[in-house]
Amino acid sequence: MSALVSVIIPVYNAELFVKETIQAVLMQDYSNVEILVINDGSTDRSGEVIANLSHPNIRSFTRKNMGVSSSRNFGLDEAKGDFVLYLDSDDILPPTFVSERVKVLQDFPFFGFSCGFIRRIDENGNVLPGIYKSACNNITSEVLTFYQDIVTCPSSYLYRKNELVKYNLRFNESLSSSADRYFLLQIDSYLKGCFIRNEDSALLYRIKNN
């Protein structure tokens, strides 16, 4: 399992959470990871927090505010990895998150991405009731029907970078809150994914009061 994984973390005013998010990536049981932290014109202390996280696996960039979709696309252009994960700056990965997703893609080369279960956490990191699933097997239906047990957060997915590049699968920079769903609809036109049925490796997806 020597393939490099590029974890792309766009950051905008996430001073309270971004350190914990990055540290969770560094604590993965899969070590061949590069972390691309893109400070998207934050006006809080996010830049200072990022600057104080010195680690050889971290590459940081500071840009004027262009939006999360632009930052994700920039990260893809800079990524050196075989696999790509778009991680929101307040979400948390359990220790086996990356290794399980990499193993699936290495064992089954016909899959373009892997994903799994999702749990929600509050601003203090407390796990909220319920367990959810990533849109995977019938993405278009799951996205457009707004199933209550489906979450479309990008943080849950590990993609093959060469597939994203081959089909020019990028986030639409003209969209805001709907960009995640639109991206998955594009994915559904080209790639098939594998759902990992291990609740222990569920993404911790943060829900903030605002």
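Reply: What covers the buried residues of α1 includes β1, β2, α2 and β3 (58–63). Keep in mind that this is a predicted model.

Start with the helix. In α1, the residues Val-18, Thr-21, Ile-22, Ala-24 and Val-25 are buried. They lie on the same side of α1, because their arc around the axis is only 155°. An α-helix has 3.6 residues a turn, so residues three or four places apart point the same way.

Now look at the core. The largest nonpolar core has 35 residues. Those touching the most other members are Val-5, Val-7, Ile-22, Val-33, Ile-35, Leu-93 and Val-98. Ile-22 is also one of the buried residues of α1. Several elements give two or more residues to this core: β1 (5–11), α1 (18–26), β2 (33–40), α2 (46–51), β4 (83–86), α4 (97–107) and β9 (193–196). Among them, α4 gives the most, with 5 residues.

Take Val-7 as a example of the contacts. Set aside its neighbours within four places in sequence. Val-7 is then in contact with Val-25, Val-33, Glu-34, Ile-35, Leu-36, Leu-85 and Leu-87. Val-25 brings us back to α1, where Val-25 is buried.

There is also a second, separate core of 27 residues. Its members include Cys-136, Leu-169, Ile-187 and Phe-195.

Follow Phe-195 next. The structure holds 14 aromatic pairs. In one of them, the ring centres of Phe-117 and Phe-195 are 5.0 Å apart. Their planes stand at 85°, so the pair is edge-to-face. Phe-117 is in strand β5 (residues 113–121) and Phe-195 in strand β9, 78 residues apart, so this pair links distant parts of the chain. Both Phe-117 and Phe-195 are buried.

Tyr-86, Phe-113, Tyr-157, Tyr-159, Phe-171 and Phe-183 form one aromatic cluster.

Finish with helix α4, where Gln-106 is found. Gln-106 counts as partly exposed, because its relative accessibility is 35%.

Methods
Residues are numbered from 1 along each chain as its sequence is written. This is a predicted model: local features need pLDDT of at least 70, side-chain atom pairs count only at pLDDT 80 or more; totals for chains, interfaces and linings use all residues. Side-chain values use heavy atoms; hydrogens and water are left out. A nonpolar core is a set of buried Ala, Val, Leu, Ile, Met, Phe, Trp, Tyr and Cys residues joined through side-chain atoms within 4.5 Å. Buried means under 20% relative accessible area, exposed over 50%, partly exposed in between (1.4 Å probe, protein chains only). Helices (H or I, at least four residues) and strands (E, at least two) are DSSP runs, numbered from the N terminus. Contact means heavy atoms within 4.5 Å. Rings of Phe, Tyr and Trp (its six-membered ring) pair if their centres lie within 6.5 Å; planes under 30 degrees apart count as stacked, over 60 as edge-to-face and the rest as tilted. The arc is that of the directions from the helix axis to the C-beta atoms.
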